[in-house]
Amino acid sequence: MIPLERIRAAAERARPHVLRSPLLPIEGASLKAECLQPTGSFKVRGFFAAALALPADRLRKGLITVSAGNAAQACAYAAHTLGVPCRVFMFDTAPRPKVEGVKRWGATPIFMPRDELLAWMAAEEWRKEPETFLHPFADPEVIAGHGGIGLELLEEIPDLARVVVPVGGGGLISGIASALKGSRPEIEVLGVQSDGYAMWPRVFEAGGPVTVKPETIADGTTGPFDARMFELLKECVDRWLVVAEPRLKAAIPELAATAKVVAEGAGALAYAALEQLPPGPPTVAVVSGGNIDPALLASFLSS
C-alpha cells in the first residue's frame, strides 16, 4: 500500500486547491460527496498532488493524460490553476459534459476510439509527447492524493467500520484504503463495479487479465486492466460487490430525490451497492463524481 507519510504529504499539497467534501447522512450510512469537487469528481485531489510534486522544469512543459473524462477535467483544471498548458487524450465516446469541462479549463482534447487509445496507453506513446504525462490512476502520487479522502474520513468518523468505493482503474480505492488501513487495518474496504463492466471481480476470479466489453452507464469505471494495480488492489480491497445495471440506473434518481445529490453512473455505484450490506456498523459510500449528461439525468428522473 501507499505509505501513510506519502499520503499525508500529497493531501497537504493538494489541500489549497480542493474541497474538504461534506459527509451527507442517509439511512444506514453516510455519503462522501466528492461530486462537489471543483471539476465534479475526486480526480482533482490526485492531479494536484501529482502536478505539485513535479520539478519546476517538468511542470512548465505542461501536462498530458488519458481519460474517459473526469481525469481529463482534473488535469485541465490543475494545469489552468498552475498556469501551464494541457492536452488530454479521450475516448471518442466521452460524455459531452466532460468534454466541455476539459475545454472550459483551456485544455485541448484529442479523441481516439477506445481500442486505439488503450493500445496507445499500453505502448506508452505518451513518452513521445512534449508535456509531462500523469497517469490517470496508476501514478503513485495521484493515488496518494486520493488518499486524502481516507484521512478526512478518519477524522470525521472515529468509529468508521467500512467504506464502499466505486472502482475503475483502481487509483481511488487504493488511495483511500492505504490511508485507512495505514491507521486502522480493521476497517473494511469494499470495491464496487457494475455488472456491465465487472472487470476487477473477474480478474481476481481468473487470477489475471480478462477481456470485458463496457456495457454500463458508469463510464468512469471502464478503465483497462493494469498489472501495476493488480497487486495493490489485492492488498487493499477486502471484498468486491457487483451492482446490476438496472439497479445502478435506479440509484441515480434515488440519490437526487432522497439525498439531493446529483451523481453520474460511477458516482452512484457505491450508494447502489449499500442494499447488499447488512445494516449496523458505521459505513460510508463514496460518491465519486457528478458529471452526468443532463439529458441522461432527465431521462432517469422522468422514468
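**Close-up 1. Glu155 and Arg20 form a salt bridge**. Glu155 is exposed at 55% relative accessibility, where exposed denotes over 50% relative accessible area, buried under 20% and partly exposed in between (1.4 Å probe, protein chains only). Arg20 is partly exposed at 44%. In this salt bridge (a side-chain nitrogen of Lys or Arg within 4 Å of a carboxyl oxygen of Asp or Glu), the closest N and O atoms are 2.7 Å apart. The model is predicted: local features need pLDDT of at least 70, side-chain atom pairs count only at pLDDT 80 or more, and totals for chains, interfaces and linings use all residues. Residues are numbered from 1 along each chain as its sequence is written, and side-chain values use heavy atoms, with hydrogens and water left out.

**Close-up 2. Glu34 forms a salt bridge with Arg45**. The closest N and O atoms of Glu34 and Arg45 are 2.8 Å apart. Glu34 is buried, with a relative accessible area of 0%, and Arg45 is buried as well, at 3%. Salt bridges that share partners join Arg20, Lys32, Glu34, Arg45, Glu152, Glu155 and Glu156 into one network.

**Close-up 3. The side chains of Glu141 and Arg6 meet in a salt bridge**. The N to O distance is 2.8 Å. Glu141 counts as buried at 18% relative accessibility, whereas Arg6 is partly exposed at 34%. By the salt-bridge rule, the count comes to 24.
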